[in-house]
Structures are given as structure tokens and as C-alpha cells.
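Please read this note with the sequence and the structure open beside you. The points go from the whole chain to single pairs of residues.

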Amino acid sequence: MEGEEIRQSGFESGVGREGSKDSADGGATAEVEAEKAAEVKAEAEAEAEAEAKSAEKTEERRRERLKRRIEHWIEHNREHAEGFRRAAEEAETLRLHEVSEVLREAAKRLEETSSLLERASSALEAKHED
């Protein structure tokens, strides 16, 4: 029985040592897994940040394009309004009073439209500064 006890205690102590080794390896494995998880998280955060920057740039380009369109319409309307006024003067010299009156009204309405477009442009700039 004594021999059996020695073998059992030797076996048990060997298991104990191997168990310690396994738990040490388990700790190292857990540490490696935690590092991998941290790397994956950092990569995901970097990717999300890059996507957000890209979206901001896209939004900025769209705002700039809209601003240019509005500015173009304002200038275009001014040119047309001036043309309408010249045409109204020509109609007046031809004694086409009603035509002249309607052309002057069209010029006035284009100027009102340009004023609205200027408000839109200002609102766009104010929103951009927020």
C-alpha cells in the first residue's frame, strides 16, 4: 500500500505540475486573445473614422456644388433681368406698352428670385459654419 500511495502522490503531484503549466499557458493564450481583440477593435475604430471622414468630405463637396449652382443662378438671373429691361425699352420705342410692362415685371420677379437665392446661399453658409 505504501508503494501505491507513493505512486498516487507522485501521479497527483505530476498532474498538479502539468495543471499549473496548463493554467500558465491558458493565461498566455488569454493574453494573446485579448491582444488580438484589441487589434481588431482598433482596426474597426480606424475604419469607422476613415468612413466618417470620407462622408464629411463627400458632404462638403456636395455643399460646395450646391453653393456654386445657387451662385450661378443668381448671376444668370441678373443677366436675364438686364436683358428683359433692355427688351422692355425696345418694346417701349415700338409703342408696345403692354409688352414693355410685362418685360419689366418679369425683370422685377427675377430680381426677387435672385434675392431668395441669396437668402438660400446665406443659409447654406450659416449651416456650414455650425
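The numbered points below describe the fold, the surface and the salt bridges in turn.

1. Basis of the note. This is a predicted model, in which local features need pLDDT of at least 70 and side-chain atom pairs count only at pLDDT 80 or more, while totals for chains, interfaces and linings use all residues. Residues are numbered from 1 along each chain as its sequence is written, and side-chain values use heavy atoms, with hydrogens and water left out.

2. Overall fold. The secondary structure of the protein comes to two helices and zero strands, where helices (H or I, at least four residues) and strands (E, at least two) are DSSP runs numbered from the N terminus. Helix H1 covers 2-93 and helix H2 covers 97-129, and Leu 96 has its place in the loop between them. Among contacts (heavy atoms within 4.5 Å) between residues at least 6 apart in sequence, 69% join residues at least 24 apart.

3. Burial and surface. Of the 130 residues of the protein, 12% count as buried; here buried means under 20% relative accessible area, exposed means over 50%, and partly exposed is in between, with a 1.4 Å probe and protein chains only. The protein exposes about 10700 Å², of which carbon and sulfur atoms supply 52%; accessible areas come from the Shrake-Rupley method with a 1.4 Å probe, and for residues only the protein chains shown count as cover.

4. Two surface patches. Patches are made of residues with over 30% relative accessible area and no salt bridge, with like charges joined within 9 Å and nonpolar side chains (Val, Leu, Ile, Met, Phe, Trp, Tyr) within 5 Å. Leu 94, Leu 96 and Val 99 make a nonpolar patch of about 260 Å², and Leu 96 is partly exposed, with a relative accessible area of 40%. A positive patch is formed by Lys 57, Arg 61, Arg 62, Arg 65, Arg 68 and Arg 69; Lys and Arg count as positive and Asp and Glu as negative, while His and the chain ends are not counted, and the place of a charge is taken as NZ of Lys, CZ of Arg, CG of Asp or CD of Glu. Lys 57 lies in helix H1 and is exposed, with a relative accessible area of 55%.

5. Glu 111 forms a salt bridge with Arg 85, the closest N and O atoms being 2.3 Å apart. Glu 111 lies in helix H2 and Arg 85 in helix H1, so this pair ties together parts that are 26 residues apart in sequence. Glu 82, Arg 85, Arg 86 and Glu 111 are linked in a network of salt bridges.

6. The side chains of Glu 105 and Arg 109 meet in a salt bridge at 2.9 Å, N to O. Both residues lie in helix H2, four residues apart, which is about one turn of the helix. Glu 105 counts as partly exposed at 33% relative accessibility, whereas Arg 109 is exposed, with a relative accessible area of 52%.

How values were computed: A salt bridge is a side-chain nitrogen of Lys or Arg within 4 Å of a carboxyl oxygen of Asp or Glu.
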